[in-house]
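Colleague: I've got a model open and I'd like to learn how to read it. Can you take me through it feature by feature?

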Amino acid sequence: MSAICKFNNYCALLEELYNLSYAIPLPTLLPTKLAELHNDQTLLEDVWITCSEGEVPLWLKDPDVRSAIQAMLKLDHCHEEQLRLGMEADNLCRWFGHELCMVEFALRQPQYSIFHLILKQRHENICALQEQWPSPLVSAACYASEAHSASKLAASLSGSSAMNTLQWLSPILCELPVDGQVLEAEDPETIMDMEYEDPGQIALSDHLLNQVSNDIEGSVSKDEDKEPMQILFNW
């Protein structure tokens, strides 16, 4: 801290003695806080430790030139970052097309019918990304084109233009005879509205009933094992 204070005092003294004919930039004061000192870019400058021969360059004597150089470097970095983000966005769009093509191809294969529900859910999730991932870097038209190309490629590879679908059978209600009577079929809506007991609760009730019955049987067996009491009367 003492070195920073001494440097700042020298900067203040140099500013008092400064003459415009010197054509050199004045050093700036260093911050006394550690966080600000760590982020201070003036620490990386070697203006005051490197001797310059001949005419003083513009970047050294003109602050505007130094600011312009920093602005150009920042602009170049922005262009590099934009290019990198564009590549990432293109990769996401291509991944979307490849993944959609593979899922649609699997849905068209009869041997994968047992996984139809899982594949169908995966297909819906991927299609939802088509509305979520478009950005200024990759438009919605690019995703629509990838989706169309994926469907077309999956159809050409599988040889089928339509995906396999599941055919759900309608429920059939049967009437079973009980004790010579025929039970009337209940209304399906009534059956759907019935509240079924939790299997865990049923198992717990059965366990408690078995335990109570075992306790009763155990107490009865203990009473039977005991010898009968004998009483003798002496007159």
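Modeller: Let's start with salt bridges: one is counted when a side-chain nitrogen of Lys or Arg sits within 4 Å of a carboxyl oxygen of Asp or Glu. Keep in mind that this is a predicted model, where local features need pLDDT of at least 70 and side-chain atom pairs count only at pLDDT 80 or more, while totals for chains, interfaces and linings use all residues. Residues are numbered from 1 along each chain as its sequence is written, and side-chain values use heavy atoms, with hydrogens and water left out.

Colleague: How many salt bridges does the structure hold?

Modeller: The structure holds 3. The general idea is that side chains of opposite charge can pair when their charged atoms come close. Take Glu104 and Arg108: their closest N and O atoms are 3.6 Å apart.

Colleague: Is Glu104 buried or exposed?

Modeller: For that you need the cut-offs: buried is under 20% relative accessible area, exposed is over 50%, and partly exposed is in between (1.4 Å probe, protein chains only). Glu104 is buried at 6%, and Arg108 is buried at 9%. Across the protein, 15% of the 235 residues count as buried.

Colleague: And how do I read the secondary structure elements?

Modeller: They are DSSP runs numbered from the N terminus, with helices being H or I of at least four residues and strands E of at least two. The protein has 8 helices and 2 strands, in the order α-α-α-α-α-α-β-β-α-α from the N terminus on.

Colleague: Which side chain meets Glu81 in a salt bridge?

Modeller: That's Arg84, at 2.5 Å, N to O. Both belong to helix α4 and are 3 residues apart, so about one helical turn separates them. Glu81 is partly exposed at 36%, and Arg84 is partly exposed at 40%.

Colleague: What about Arg122 and Glu99?

Modeller: Their side chains meet in a salt bridge too, 3.0 Å from N to O. Arg122 is in helix α5 and Glu99 in helix α4, so this pair ties together parts 23 residues apart in sequence. Arg122 is partly exposed at 35%, whereas Glu99 counts as buried at 16%.

Colleague: How do α4 and α5 pack?

Modeller: Axes are lines fitted to C-alpha atoms, for helices over the stretch in contact, and angles between N-to-C directions run from 0 to 180 degrees. Here α4 and α5 pack at about 155°, with axes 10 Å apart. That makes the two roughly antiparallel; the label applies over 145 degrees, with under 35 being roughly parallel, 65 to 115 roughly perpendicular and the rest oblique.

Colleague: What is the handedness of each crossing?

Modeller: Left-handed means the near helix is turned anticlockwise from the far one by less than a right angle, and right-handed means clockwise. The α4 and α5 crossing is left-handed, while α4 passes α6 in a right-handed crossing.

Colleague: Last one: which residues make the nonpolar surface patch?

Modeller: Patch residues have over 30% relative accessible area and no salt bridge; like charges are joined within 9 Å, nonpolar side chains (Val, Leu, Ile, Met, Phe, Trp, Tyr) within 5 Å. Areas come from the Shrake-Rupley method with a 1.4 Å probe, and for residues only the protein chains shown count as cover. Here, Tyr112, Ile114, Phe115 and Ile118 make a patch of about 450 Å². Ile114 lies in the loop between α4 (63-107) and α5 (116-132), and Ile114 is exposed at 68%.
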